[in-house]
Amino acid sequence: MNDEVLTSLQNPRVKQLVALRESRQRKRTGLTRVDGARELLRALQAGLKPETIFVVDGLRPEGDVAAALELCRKSNIDCQPVSQDVYEKIRYGDRNDQLCATLAWQPGDLSSLPPVDHAFWLVVEAIEKPGNLGALLRTAEAAGVDGVILADPACDPANPNVVRASMGTLFTQPVVRCTTSEAIDFLRGSDTEIVLTRPQATRMWHDADLGGSVAIVAGAEDTGLTAPWLDVASAELVLPMAGAADSLNLAAATAILLYEVVRQRSGSA
C-alpha cells in the first residue's frame with residue numbers, strides 16, 4: 001500500500017473518480033467506478049484488475065473489505081490511502097465501506113460471447129433504469145445464463161448504480177451491447193428460441209418448451225419490446241395478473257421466466 005495519504009480535494013485522481021459518476025467520462029476513459037467491498041471483491045474474483053483502490057487511512061478491514069484488500073495485495077494492485085475528507089468527496093451514494101476503486105470495464109460485442117451448446121441467453125432491449133438493469137444482471141447470474149445481451153440500451157451498463165444493484169455480478173458474467181437487429185440475427189443464426197411475454201398472449205408462461213437453446217427477451221419499462229421482436233418470436237407468453245395491478249416490475253417478470261428455464265432444465269415437475 002502507498003504510505004502517503006492523499007489529502008488534496010484538487011488531486012487529479014480525486015477529480016477523475018468524481019467525474020466517473022457521469023456517463024460521458026466513463027465512455028471517454030473506458031473506466032467505471034466500483035463503490036463497495038462486495039462489488040469490488042466480485043470484480044477481483046472475476047479476474048479484473050482495478051487501476052487503484054482508494055481506502056480511508058486507518059481503516060481496520062473486516063469481512064468483504066478484508067478479503068478484497070487481501071486479493072489486491074496478492075495481485076500488487078495499488079491501494080491509495082485517503083483522508084476522510086477526500087473519501088467524502090469521492091464516495092457515491094449511501095454505501096460507506098470506506099473504499100472505492102477505478103476499473104477498466106465496458107460491455108463487449110456479440111463476437112466476444114463464447115460458443116455455447118444448449119445456450120441460455122437473457123436479452124434486454126432499451127432498458128432505461130440502472131436499478132432494473134442491475135437487478136436483471138443479478139438474477140441472470142443466479143439463474144446461470146450464458147450471457148446477457150443489451151440491445152439498444154438506453155442505460156449505460158457501466159453506471160455505478162448498475163454495479164451496485166447487480167451486487168458486482170456485472171463483472172462475473174458475459175455482458176455485451178449491440179443493436180436490436182444484430183441481436184436478432186445472432187439468435188436466429190444459432191437456432192435459438194426467442195421467448196417473450198405480452199399481456200395479449202394466451203399461452204401461459206409454464207406451457208412453453210424452454211428446454212432447448214433459448215433467449216428470454218425483456219423490453220423497456222414503459223414501452224415494452226419493439227416490433228422486430230414480435231415478428232421473430234418463437235413463443236409469446238403471459239403472466240396472469242389476478243389483482244388490481246396490470247403488470248409486474250420488469251426484473252420480477254423476467255426472473256419468473258428465467259427460473260422457468262432453470263426448472264425445466266433441471267427436470268422438475
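On a 1 Å grid over the protein atoms alone, a cavity is a set of points where a 1.4 Å probe fits but cannot get out, whereas a pocket is an open set with protein on both sides within 12 Å along at least five of seven lines; lining residues have an atom within 4 Å of a point. Points on the grid are joined across faces, edges and corners, and a volume is the space filled by probe spheres set on them. The model is predicted, so to speak of local features takes a pLDDT of at least 70 and side-chain atom pairs count only at pLDDT 80 or more, while totals for chains, interfaces and linings use all residues. Residues are numbered from 1 along each chain as its sequence is written, and side-chain values use heavy atoms, with hydrogens and water left out.

The structure holds 1 cavity of 30 Å³ or more.

The largest pocket has a volume of about 710 Å³. It is lined by 31 residues, of which Thr197, Pro199, Gly224, Ser247 and Leu248 are the closest to its centre. Strands β8 (193–197), β10 (214–218) and β11 (235–238) each supply at least two lining residues, as does α10; the largest share, 4 residues, comes from α10. Helices (H or I, at least four residues) and strands (E, at least two) are DSSP runs, numbered from the N terminus. The pocket lining comprises 17 nonpolar, 9 polar and 5 charged residues.

Helix α10 (residues 250–266) also packs against helix α6 (residues 130–143), at an angle of about 10 degrees and with the axes 10 Å apart (axes are lines fitted to C-alpha atoms, for helices over the stretch in contact, and angles run from 0 to 180 degrees between N-to-C directions). That angle makes α6 roughly parallel to α10, a term for angles under 35 degrees. Residues in contact (heavy atoms within 4.5 Å) include Leu136 and Thr139 of α6 and Leu258 and Tyr259 of α10. This contact has 11 nonpolar, 3 polar and no charged residues.

Key:
Parallel < 35°, antiparallel > 145°, perpendicular 65-115°, else oblique. Nonpolar A, V, L, I, M, F, W, Y, C, P; charged D, E, K, R; others polar.
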